[in-house]
Amino acid sequence: MRPVTDLAERRGHDDAVVYQPAEDSGLLAEAALAEAQGRVLEVGTGSGWVAAQIAEESGLDVVGSDLNPHAAREARERGVEVVVADLLTPFRADAFDTVCFNPPYLPTDPDNEWDDWMEHALSGGESGRELIEPFLDDVGRVLASGGVVLLLVSSLTGYDEVLALVDAAGFDHEVVVEESFPFETLTVLALRRE
């Protein structure tokens, strides 16, 4: 598959309501299979493909969450335990040993946004970091001691700016996997508390 950076192209056909696996999904699954431990949460699970890969290949207990009820239904059909949730809101403190997140990261001009489920799955706002900051502000609360956060970052969102947010949230980081495409570089970072 070739990466698609234009939001209109990425949306696919007009009736698409659930984000389907793409290159970013494959990289997050690869990183999770190398790094995940204990009880796992995949935030923004979409179709549940990544969560299912982790559960099937590692045998770990995996929960998915997504704001989109259509995504939650599709993930359940894939066998993933899933909660309809806005980021980490419903989860208790220290609940997960691993938290995975492939955030909506495509920078989007506010004048060109649609108000639909695919928009929520793809658009990271003007900077591409609209959901990364609140995620990083709260993920430490749900992460158990010694846990790891696996965060997918696109070069389209400003890699150095994301690293500054990671540092501000009190995490050290290391690159787990990285792949370059014609229009962007995708990196999965492992974040651990300092």
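Analyst: Here is the helix pair, followed by the loop.

This is a predicted model, in which local features need pLDDT of at least 70, side-chain atom pairs count only at pLDDT 80 or more, and totals for chains, interfaces and linings use all residues. Residues are numbered from 1 along each chain as its sequence is written, and side-chain values use heavy atoms, with hydrogens and water left out.

Helix H2 spans residues 23-35 and helix H3 spans residues 49-58. Helices are DSSP runs of H or I, at least four residues; strands are runs of E, at least two. The axes of H2 and H3 lie 9 Å apart, at an angle of about 30 degrees. H2 is therefore roughly parallel to H3 (angles under 35 degrees count as such). On the H2 side, Ser 25, Gly 26, Leu 28, Ala 29, Ala 32 and Leu 33 make the contact (heavy atoms within 4.5 Å). H3 contributes Trp 49, Val 50, Gln 53, Ile 54, Glu 57 and Ser 58. Seven of the contact residues are nonpolar, four polar and one charged.

Within H3, Val 50, Ala 51, Ala 52, Gln 53 and Ile 54 are buried (under 20% relative accessible area, with exposed over 50% and partly exposed in between, using a 1.4 Å probe and protein chains only). Their cover includes H2, strand S1 (40-43), strand S2 (62-66) and strand S4 (96-101). Gly 59 follows H3 and has a positive phi, near 75 degrees.

Now the loop. Gln 37 sits between H2 and S1. Gln 37 counts as partly exposed because its relative accessibility is 33%. Its side chain reaches the backbone oxygen of Gly 146 at 2.9 Å. Gln 37 and Gly 146 are 109 residues apart in sequence, yet 9.9 Å apart in space, C-alpha to C-alpha.

Terms used:
Axes are lines fitted to C-alpha atoms, for helices over the stretch in contact, and angles run from 0 to 180 degrees between N-to-C directions. Angles under 35 degrees count as roughly parallel, over 145 as roughly antiparallel, 65 to 115 as roughly perpendicular and the rest as oblique. Ala, Val, Leu, Ile, Met, Phe, Trp, Tyr, Cys and Pro count as nonpolar, Asp, Glu, Lys and Arg as charged, and the others, Gly among them, as polar. A polar contact is a pair of N or O atoms within 3.5 Å; within protein, one must be able to donate a hydrogen and the other to accept it, and residues adjacent in sequence count only if both atoms are side-chain atoms.
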